[in-house]
Amino acid sequence: MALIRTEKLSHTYSTGTPFEHVAIRDICFEAERGEYIGVIGATGSGKSTFIQHLNGLLKPTAGFVYYDGVDIHESKHRTKEVRSKVGLVFQYPEYQLFEATVFDDIAFGPKNMGLPDSELKDRVYEAAGFVGLNESFMQKSPFELSGGEKRRAAIAGVIAMHPEVLILDEPTAGLDPGGQAEIIRNIMNYKNSRDATIILVTHNMEEIARNVDKIFLLRNGYLVSNGTPAEMFCDTEKLAKMGLKAPVAAIIAARLRALGLPVKDGIYTIKQLQAELNKLKSKGGVYA
């Protein structure tokens, strides 16, 4: 049974007004425990609206969200319970930092769960460790931190709640390549340590290609397709028509095939492409 599942999930904003807007329609989605899932789509496709339903921040206009087989809106108690198990990190989460110290900011969520002080401290330091913030950061003001450090502190605040599902909306947006890589490593560390389900919303196809098990593609509020990275990145032209750029390796592989080179299908990372070209070179299929 899927850990988290939606059934014909739809949401309309400003129903019955001149501003009525259907953001998502009839989305059926499943995520298993321990899966790493990517959610992609052009701006305005409904990605952020969709993920805000998965921990009950938004209530469906129609359809259902199930966590561990139970409707998350079955009762107010159930919704509150699910919010402690499904952590959501918004885009640019560092703008939500507000406490006097980094320790207090990371502690805010678990403190509201009513944890004793001893466990609270353990969780704060554990979460800080996952994101690469050592003890020297704990008594600093969050506003003294660099942009990347603020981002990590904000993510730590969600991780400290020990969510079974961690959802991140564009977690590397605005960071330099080094900062992006560090955030992705932090996420993977948490996933591996707790067998957590990760749901990553991003426009960065390189991140998706290297990390996820499965991809869900939204367009105009509909879930139009899903599959493995190899399946989803096999048609680079189709993605381009939807306003999405496939990973560089997939684009290069497609162009080489168009030129007549026997490059196999299913290539979407630089490592795969390099291995394929080395193999062809050894067989005399390409020339240095």
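Me: Leaving aside its neighbours within four places in sequence, which residues is K245 in contact with?

Reply: Contact means heavy atoms within 4.5 Å. By that rule K245 touches M205 and I251, once neighbours within four places in sequence are left aside. This is a predicted model, in which local features need pLDDT of at least 70, side-chain atom pairs count only at pLDDT 80 or more, and totals for chains, interfaces and linings use all residues. Residues are numbered from 1 along each chain as its sequence is written, and side-chain values use heavy atoms, with hydrogens and water left out.

Me: Where is K245 found?

Reply: Helices (H or I, at least four residues) and strands (E, at least two) are DSSP runs, numbered from the N terminus. K245 lies in the loop between α9 (236–241) and α10 (248–258).

Me: Is K245 buried or exposed?

Reply: Buried means under 20% relative accessible area, exposed over 50%, and partly exposed in between (1.4 Å probe, protein chains only). K245 has 61% relative accessibility, so it counts as exposed.

Me: Why does I270 count as partly exposed?

Reply: Because its relative accessibility is 49%. I270 is in helix α11 (residues 270–282).

Me: What share of the residues of the chain count as buried?

Reply: Of its 288 residues, 48% count as buried.

Me: How many helices and strands are in the chain?

Reply: The chain has eleven helices and ten strands.

Me: What does the C-alpha trace of the chain span along its principal axes?

Reply: The trace spans about 65 × 50 × 35 Å. Within the chain, the C-alpha atoms of K245 and R83 are separated by 33 Å, and the two residues are 162 residues apart along the chain.
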